[in-house]
Amino acid sequence: VLQLRLHDVAPEGTPDDCKTVQDQLDSLFLPLIQATLNVDDPSYNSVSWLLFQTGALQLESSNTDPASDFEKKLPPPSDMPCEAKPSKLYYAYYIHANLNVLNSIPVSYTHLTLPTKRIV
């Protein structure tokens, strides 16, 4: 299980390279996608190993905002500043979308076949 901790950075301590939620998503998913597309590249060995070992994601958030905030008209991740601290459901929606992209990369393209376990 890979645990993602949301909102760990206080607004005054936000790094310059993390201005929006999209920056956070990019920092998580771009290496994963690159490792998936470049399986034979040794520079991605540790990321490929992490991908192969990960069976689930768990989101942890210090934000106590109710999930109903998601019903509001919220900006896309590229326009949502990190300091806004959107709800966990907001992150879950965009993480799910990125996981769908990651999982849609054809196995034949990556030359990687993941073992499957039969559940009896």
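**View 1. How confident is the prediction along the chain?**
The protein has a mean pLDDT, the predictor's confidence score, of 74, and 70% of its residues reach 70 or more. Confidence is highest in helix α1, with a mean of 87, and lowest in helix α4 (residues 107-110), with a mean of 56. Over residues 9-14, pLDDT stays under 50, and the model has seven contacts beyond four places in sequence for that stretch. Residues 111-120 also have pLDDT under 50 throughout; here the model has five such contacts, beyond four places in sequence.

Is Cys18 buried or exposed? Its relative accessibility is 13%, so Cys18 counts as buried, the cut-off being under 20%. Cys82 is 64 residues from Cys18 in sequence, yet their C-alpha atoms are 7.0 Å apart in space.

**View 2. Val21 belongs to the largest nonpolar core.**
In soluble globular proteins, nonpolar side chains tend to be buried together. Here the largest nonpolar core holds 17 residues. Which of them touch the most other members? They are Val21 and Ile95. At least two residues of this core come from each of β1, α1 and α3 (88-103), and α1 gives the largest share, six residues. Now zoom in on Val21: beyond residues up to four places away in sequence, Val21 touches Pro77, Met80, Pro81, Cys82, Pro86, Tyr90 and Tyr91.

**View 3. Helix α1 meets helix α2.**
Two packed helices are described by the angle between their axes and the distance between the axes. For α1 and α2 (residues 45-53), the axes come within 9 Å and cross at roughly 95°. That angle lies in the range 65 to 115 degrees, so α1 is roughly perpendicular to α2. Which residues meet here? From α1 come Pro31, Leu32, Ala35 and Thr36, and from α2 come Val47, Ser48 and Leu51. Sorted by class, this contact has five nonpolar residues, two polar ones and no charged ones.

How values were computed:
Residues are numbered from 1 along each chain as its sequence is written. This is a predicted model: local features need pLDDT of at least 70, side-chain atom pairs count only at pLDDT 80 or more; totals for chains, interfaces and linings use all residues. Side-chain values use heavy atoms; hydrogens and water are left out. Buried means under 20% relative accessible area, exposed over 50%, partly exposed in between (1.4 Å probe, protein chains only). Axes are lines fitted to C-alpha atoms, for helices over the stretch in contact, and angles run from 0 to 180 degrees between N-to-C directions. Helices (H or I, at least four residues) and strands (E, at least two) are DSSP runs, numbered from the N terminus. Angles under 35 degrees count as roughly parallel, over 145 as roughly antiparallel, 65 to 115 as roughly perpendicular and the rest as oblique. Contact means heavy atoms within 4.5 Å. Ala, Val, Leu, Ile, Met, Phe, Trp, Tyr, Cys and Pro count as nonpolar, Asp, Glu, Lys and Arg as charged, and the others, Gly among them, as polar. pLDDT is the predictor's confidence in each residue, from 0 to 100. A nonpolar core is a set of buried Ala, Val, Leu, Ile, Met, Phe, Trp, Tyr and Cys residues joined through side-chain atoms within 4.5 Å.
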